[in-house]
Each structure stands twice: as C-alpha cells, then as structure tokens.
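I had some time with this model today and kept notes as I went.

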Amino acid sequence: MHGMSYSPSCRPLLAIETSCDDTGCAILSHAGDILAEGVVSQKDHEILGGVVPEIAARAHLDALPALVRTVLDKAGLALPDIDTFAATTGPGLIGGLIVGSSYAKGLAMALGRPFIAVNHIEAHILTPRLPSLGAGLRFPYLTMLVSGGHCQCVSVEGTGHYVRLGGTIDDAAGEAFDKVAKMLGLGWPGGPALEKLALEGRDDAFDLPRPLRGRDGCDFSFSGLKTAVSRLIEPQGKGALSRQFAADVAASFQRAVADVMADRAEHALALAPASTALVVAGGVAANQMLRARLEKVAARHGIPFIAPPLRLCTDNAVMVGWAALERLHAGETPDETDTAARPRWPLSERQPAHA
C-alpha cells in the first residue's frame, strides 16, 4: 500500500517488537543512530517450560505503554517528535504481533504519521548493517539466521531482495537447544544454560550424529540429533542426571550442532560465491562455539565474519527500526496501516513497496 511519504524533516522513527516473549521499543534517528532502546523480558514462561502465546500477548499489552514512555524519556523526546512508526508484523506468535503492531498503528494514526510493517526475519538479517556496528557491510552477503523459530541461509542481495539458499526441514537450531536442555533438566530458555553447562563437559564424550553434513545444498535437520540425545539419556532412568554426564552430553550436542552449522555455511558460500561477508544472526548467534566455528569458515573463504552484539542477536526493537529505515533509504515510501499481522511471512513475499 502506498500513501503517506516520509517527512523531509527526517525526524526520528519509533519501533516496536512483540513477536514472541520480549517486549521491545527503540527510537532511531533517520541515519540509524540508536537514540534510546528498551526491552522487557517476560518471566512467567520459565515456570511453564515454554512460551504460552496467550500469556505472552497479555504481557505485551501490559508492558507497552510504560516501555514506550520510558524510551521516549531516555531519548528526550515526546510522541509528536516521532515521524514514523514501525512494528514487527510477522512472522511470530499472532497474539503478540497483533498487540505490538496495533499499538504502533494507533500511535501513527493518532499523529497522522506513516506506519511500516516489518518482517521479523528481514530485521534480523539487516541488523549487521546498522551504522553503529561500524561494519560498513555491503550487499551481497550471506546470513545464517539461527534462532528458536528459524534456521536458514539467506543470500542478502539488497533491501527487499533475498535468496533463500536453505533452511531447516524439521526443528530450528534454537528449538533443538531448548529441547535438549529440557532433557538435561536445565529448564527454559535452555540455550544459554546448555552452553554454560557444556563448559564443564567433554565435547568428544559421545559420538552423536551430524545430520545432513556433507550433503549438497545447505538445508538443516536437527530432529535426528535430538532423538539421539534422548536415546543417550533414556538408560539413565527418571532421576536427576549426574552433573558430569549432563555436561558431557551438553558439550557433545553443542559440538555436533556447530559441526553441522560450519558444514552448511561452507555449502552456502559455495552457492553464493560473491558474498562480501558471512553474517550470523538470531538468538542462537549468541553461542560462542558456534561463532568461533563460523568465524573459521569465513577466514577460509577470505571474507569477514560479522555477528551483532548479543543484545541485538535476540529479539529487539532496534533491528525492527533499522529494517524500516533500510526501506526508506532504498526509496520506498510505504504506509502499511492496513497490513494485517501474520504468523507466517516468508521473505520471498516481502517485496519492495515503491511510491
């Protein structure tokens, strides 16, 4: 949809992120400088062992008004100073997406400002181009998006122009981390806890499978690896696992995932030889072993390895604001107040909207 154009005054943009269980708000200058940011992480899900969509949506609704006020105060701004509003509109948990996008649309409509609907995956893969990160990242580059809900290799050809080279055929990497962590009695979210426990274990203690390693293309599969871990743990009975056994399982599992990701990155770079950099994005990008392995792959190909700071790997509103600004900088003038939130939104359906 076209309509309202971006103001020549280039006043700031306010972005909202509510696709899962983190409520985020950020204000960016037209150039992409981060003027203020904030995240409220929901705690209720830890007790329940996973994100409950209805609880998450209500928590977003409760947190947003105060968070927006706090971020505006941090930036020394008032709502009328904001020129454009943006929000994650998909993919994600539909209740949270509706809350966040509706809130941002309401502010935009009340002030007569444009609203930009942001694709969550696109926001992740464009994050490394933030000016404050200093990478000066040029198109095309290869992004490995690894998170709780997504695992895919994308050749980023330009704003709105993405080639999906491969993706998961079952569990995402983050989902596998969380499920194995639960098997080890580590609770939720499991990824960070598993990584910490793995430091105490031997990563060669158990010979676990490396699904699809060596296969053509760069698709992923973690279901078989997860099943292998389950079978490894089953003979231990239903009681608490010994600390050393659990640590060895965690370390062996983490190494298996890293081996698979490194292999898939090699294959992806073969499919996209013009890549100027290898980028890792998404929550699992916080894993230090994974980063180290992918950094070695990039070095072998003579290109830089780029990973955003940890706070920008997990869900945040800075990435949402930057994705919206990328579209404005590319000459798009969208006003997408009528765009409905959607739980699934493939990158292939995010086409540039020109005036």
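**Ground rules.** I am working with a predicted model, so local features need pLDDT of at least 70 and side-chain atom pairs count only at pLDDT 80 or more, while totals for chains, interfaces and linings use all residues. Residues are numbered from 1 along each chain as its sequence is written, and side-chain values use heavy atoms, with hydrogens and water left out.

**Entry 1: the domains.** I began with the division of the chain. Domain 1 covers 13-127 + 313-349 and domain 2 covers 138-307; the bounds come from an automatic or database domain assignment. Taken over C-alpha atoms, the two domain centres are 27 Å apart. I then looked up the contact (heavy atoms within 4.5 Å), and found 19 residues from domain 1 and 19 residues from domain 2 taking part.

How much area do domain 1 and domain 2 bury between them? The value is about 1500 Å², with 69% of it on carbon and sulfur atoms. Buried area here is the accessible area (1.4 Å probe) that two parts lose on being put together, summed over both.

Next I asked about charges and polar atoms. Between domain 1 and domain 2 I count zero salt bridges, a salt bridge being a side-chain nitrogen of Lys or Arg within 4 Å of a carboxyl oxygen of Asp or Glu. Four residue pairs are in polar contact between domain 1 and domain 2, both residues at pLDDT 80 or more. A polar contact is a pair of N or O atoms within 3.5 Å; within protein, one must be able to donate a hydrogen and the other to accept it, and residues adjacent in sequence count only if both atoms are side-chain atoms.

On the side of domain 1 that touches domain 2, α1 (44-48), α4 (120-126) and α11 (317-329) each supply at least two residues. The largest share of that side, six residues, comes from α4. Helices (H or I, at least four residues) and strands (E, at least two) are DSSP runs, numbered from the N terminus.

**Entry 2: His120.** I stayed with helix α4, where His120 is found. Is His120 buried or exposed? His120 counts as buried, at 4% relative accessibility; buried means under 20% relative accessible area, exposed over 50%, and partly exposed in between (1.4 Å probe, protein chains only). The His120 side chain makes a polar contact with the side chain of Asp315 at 3.1 Å. Leaving aside neighbours within four places in sequence, His120 is in contact with residues including Glu17, Thr88, His150 and Met319.

**Entry 3: Phe222.** I moved on to the loop between α6 and α7, which holds Phe222. Phe222 is buried, with 1% relative accessibility. Beyond four places in sequence, the contacts of Phe222 include Cys151, Asp170, Asp171, Val257 and Met261.

**Entry 4: salt bridges.** My search of the whole structure gave 17 salt bridges. In one of them Glu326 meets Arg129, with the closest N and O atoms 2.6 Å apart. This pair links distant parts of the chain: Glu326 is in helix α11 and Arg129 is in the loop between α4 and β6 (141-146), 197 residues apart. Glu326 is buried at 3% relative accessible area, whereas Arg129 is partly exposed at 23%.

I also noted Arg327 and Glu332, whose side chains meet in a salt bridge at 3.0 Å, N to O. Arg327 is buried at 2% relative accessibility, and Glu332 is buried with a relative accessible area of 2%. Asp263 and Arg264 form a salt bridge at 2.8 Å, N to O, and both residues are buried. Finally, I found Asp171, Glu175, Lys179 and Lys226 linked in a network of salt bridges.

**Entry 5: aromatic pairs.** How many aromatic pairs does a search of the whole structure find? It finds four. Phe139 and Tyr141 are stacked, 5.9 Å centre to centre with 10 degrees between the planes. Rings of Phe, Tyr and Trp (its six-membered ring) pair if their centres lie within 6.5 Å; planes under 30 degrees apart count as stacked, over 60 as edge-to-face and the rest as tilted. Phe139 is partly exposed at 24% relative accessible area, while Tyr141 is buried at 0%.

Phe206 and Phe245 form an edge-to-face pair, 5.5 Å centre to centre with 70 degrees between the planes. Phe206 is in the loop between α6 (190-198) and α7 (223-233), and Phe245 is in helix α8 (residues 243-271), 39 residues apart.
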